[in-house]
Structures are given as C-alpha cells and as structure tokens.
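Biologist: Hello! I would like to learn how to read the features of a protein model, one at a time. Could we look at one together?

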Amino acid sequence: MENIMKDKASTIYENAVVIDGLIISKWGGDLFREMQQSGLTAANCTCSVWENFSDTVNNLVQWNRWFREFGDHIVKAESVADIRRAKDSGKTAIVLGMQNTSAFEDRIGYVEILKTLGVGIAQMTYNTQNWVGSGCYESRDSGLSDFGREVVAEMNRVGMLCDLSHVGPKTSREVIDTSTVPVAYSHCLPAGLKAHPRNKSDEELRYIVDKGGFVGVTMFPPFLANGVNSTIADYIAAMDYVINIVGEDAVGIGTDFTQGYDRPFFDWITHDKGFGRRLTNFGEIINPAGFREIRDFPNIADAMADAGWTEARIEKILGLNWLNLLQTVWGK
C-alpha cells in the first residue's frame, strides 16, 4: 500500500478508534472535556498508585461521581463494546487502571472485587517491591512471588490485563511466562534509544510479543533520547524503533500524560510507597513539541503520515491493536 498523504491523516484520525494506554493526569471536568474534544476514544486512566484497598475503593467512589457529573463527556468502559459505543456517541471511554497491585494487599479475593468495581488493568508493581514482585527501581529483582503467581492466575480468570511497564526485568519475564493470556507494557520506551531503568531492552520487547503480548509506547520526556527537547517526530521515531523489532500488530500508544500536576505529585510518585526513599528525580517535565497536551492528540496522525506510515499502520497504532488486546484479555 502506498504511503498516505498528510491531508488524509485528519480524516483517518476522525474515523479511527483512538486509544491511549496510560494517562495519569489530574482528573476533573476540564480534562474530561479536553479528552472528548481531542477525539480520544478511550484511555487507561490511573485510579490507584500507592493506595491500599480501601483508599483505592474511595478513589473509585470519586470516579463514579465523575461518571455521573460528566456523563456528556466520559463513560465507564468495562468491555470492548463499551469502547465502540463511546466512539459512536463521541465520548471518551474510561478504562479504570491501577499502576500497582498494592490495592490487592495480601488478599487474593480483592482481585475479583476490584474487577467487579470496574478495574480492567493492573500493573504488577510500581517501581519497587510489593507482595507480587519487584519494580524496575528495586536494587535486587526478586522475581514473581508465589503469591504473585496466584494473583496472575486470578487476574487471568476475571479478565484483568497484567501491565509490566514499571516492573523489573526478572519479574516481568516470569509474569509473561506465567500468564495464560497476553500481558502488556502499557507505557514504555526502548532502551536501545536511551538507557534508563524504565526503558525496555530489545530482548525484553521481543520476548513479550513473542509470547503474545503488547507494547504501548510512551512519550514521557525523561525516557526519550532528546528529553525535554523532544518533538512529536521523536515520539513517532521511537514507535518506529519498536515496530521494527516486534511488528506493527502488537504496538500502540501509551502516552503517560501527567497533565495538570505540579511538584508535590511528582515527589509522591518518585518516592517508595509515596513517602519512603527517593527513587528518581525527573527534573523538568516538558512534553514533546507538537504533543504538549491531550488537546494535541490529533497531531499524532499527521506525524505518523509525515513518517511515511500507511493508513493501515496508522489505524492499528492509534487504537485497533489496543482494542484487539483488550478483547482477548477481557473476553467481551
């Protein structure tokens, strides 16, 4: 298929299912309107990071209020059908996702409870050690615990996607090997472009996809080769790098937008459990030029076209690949 012309990109974007595999922005009405107006069909929206079970449930109570209050802009998504309906109605489907399994505590039954409350994705660890395994900033990767194997099996059973973005290499590989359904790096970048504890090696990228898994590519500036000087073209180049390794059928968007947050938030997420030792210091956060805010989402189709992508590839990366993954894991 011939490469598409740039003037066709906007039409492709308008007709496409557009899915962001990770947003952790400061939630509220203005942001929900911006998500809808940007043409974002669905997003994995973080509802828990360091929180325990009860605090996570309280966060979900607040999400239920938002679904009622801002129902003209957002809808709760617990199935692929919900996402497709959101596209048809011009709203943004919210997939509730946890960036840690701390909310499961040491109770395997909490997995199903949180699934019934709408959580469709859970990251196994957030940067450090928990009951399940080790994060990418832990000095010794202990691997997947026996309890963690039970958690993976239960997540498989209830239909909750296992996310490995912030997880250590050994723990990640063992989750990949243990899971009976595909797992994902929902938001990562290749270490081949920049060495960083959060970035994944070519071998890790190949391994997860060889086992049926998925790679969402982030544009979080500390992980990009050009950092705060990056552009949207650098983001697309990072996607191309990953696609060249694993193919275009297992790659999607996972921006990691942190829109609306200031220093206290970044201090919270970069300290162990939110208050312990400092794990990293991101410094200044300036998103790539051309993709500074969620409102800039339509620009991504233009950038893909500028990179010479075909219409089929653009549609896959914008959202079809994510949709296929969720259909497989959720089964609905």
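Biologist: Which residues lie nearest the centre of the largest cavity, and how many residues line it?

Modeller: Let's begin with the general idea. Rolling a probe the size of a water molecule over the atoms shows where empty space is left. Keep in mind that this model is predicted. Here the largest cavity has 16 lining residues, and Tyr126, His166, Asp256, Ile269 and Phe282 are the ones nearest its centre. Its volume is about 120 Å³.

Biologist: What classes of residue make up the lining of the largest cavity?

Modeller: The lining has eight nonpolar, six polar and two charged residues.

Biologist: How many cavities of 30 Å³ or more are there?

Modeller: The count is two. The second largest cavity holds about 40 Å³ of space. You can find it in the viewer from its lining: Ile19, Asp20, Gly21, Ala43, Asn44, Val95, Ile121, Trp322 and Leu326. Strand 1 (19-23), strand 2 and helix 12 each give two or more residues to that lining. The largest share is that of strand 1, with three residues. Sorted by class, the lining of the second largest cavity has six nonpolar residues, two polar and one charged.

Biologist: And what about pockets? How much space lies in the largest one?

Modeller: A pocket is open, whereas a cavity is a place the probe cannot get out of. The largest pocket here has about 260 Å³ of space. It is lined by 15 residues, and the closest to its centre are Trp27, Thr46, Glu51, Asn59 and Tyr261. Strand 2 (42-48), helix 3 (53-69) and helix 10 (263-269) are the elements that each supply two or more lining residues.

Biologist: Which element gives the largest share of the pocket lining?

Modeller: That is helix 3, with four residues. By class, the pocket lining has nine nonpolar residues, five polar and one charged.

Biologist: Let's stay with helix 3. Is valine 57, for instance, exposed, partly exposed or buried?

Modeller: Valine 57 is found in helix 3. It counts as partly exposed because its relative accessibility is 23%, and a buried residue has to be under 20%. Leaving out residues up to four places away in sequence, valine 57 touches Leu114 and Leu117. Valine 57 and leucine 117 are 60 residues apart along the chain, yet their C-alpha atoms are separated by 8.3 Å.

Biologist: How do I read a nonpolar core, and which residues touch the most other members of the largest one?

Modeller: Think of a core as a set of buried nonpolar residues joined through their side chains. The largest core has 95 residues, and Met35, Trp63 and Ile300 touch the most other members. Helix 9 (residues 232-246) gives the most to this core, namely eight residues. Another core, of 19 residues, lies apart from it, with Ala42, Ala77, Phe214 and Leu323 among its members.

Biologist: Which residues does methionine 35 touch?

Modeller: If we skip residues up to four places away in sequence, methionine 35 touches Ile23, Trp27, Leu40, Ala43, Cys45, Thr92, Ile94 and Ile294.

Biologist: How do I read two helices in contact? At what angle do the axes of helix 4 and helix 12 cross?

Modeller: Start with the axes, then look for the residues that touch. The axes of helix 4 (residues 80-89) and helix 12 (residues 311-330) cross at roughly 145 degrees and come within 9 Å. Val80, Ile83 and Arg84 of helix 4 meet Leu323, Leu326, Gln327 and Trp330 of helix 12. Of these contact residues, five are nonpolar, one is polar and one is charged.

Biologist: Last topic: the backbone. What is the phi of glutamate 105?

Modeller: Glutamate 105 has a positive phi of about 50 degrees, although it is not a glycine. You will find glutamate 105 in the loop between strand 4 (92-98) and helix 5 (109-116). Lysine 273 also has a positive phi, near 60 degrees, and is a residue other than glycine. Lysine 273 sits in the loop between helix 10 and helix 11 (299-306). With a relative accessible area of 36%, lysine 273 is partly exposed.

Definitions and conventions
Residues numbered from 1 in each chain as written. Predicted model: local features only at pLDDT ≥ 70, side-chain atom pairs only at ≥ 80, totals over all residues. Heavy atoms only, no water. 1 Å grid on protein atoms, 1.4 Å probe; cavity = no way out; pocket = protein on both sides within 12 Å on 5 of 7 lines; lining within 4 Å. Points joined across faces, edges and corners; volume = space filled by probe spheres on them. Nonpolar A, V, L, I, M, F, W, Y, C, P; charged D, E, K, R; others polar. Axes fitted to C-alpha atoms, helices over the stretch in contact; angles between N-to-C directions. Contact = heavy atoms within 4.5 Å. Core = buried A, V, L, I, M, F, W, Y, C linked by side-chain atoms within 4.5 Å. Buried < 20%, exposed > 50% of the residue type's maximum accessible area, 1.4 Å probe, protein only.
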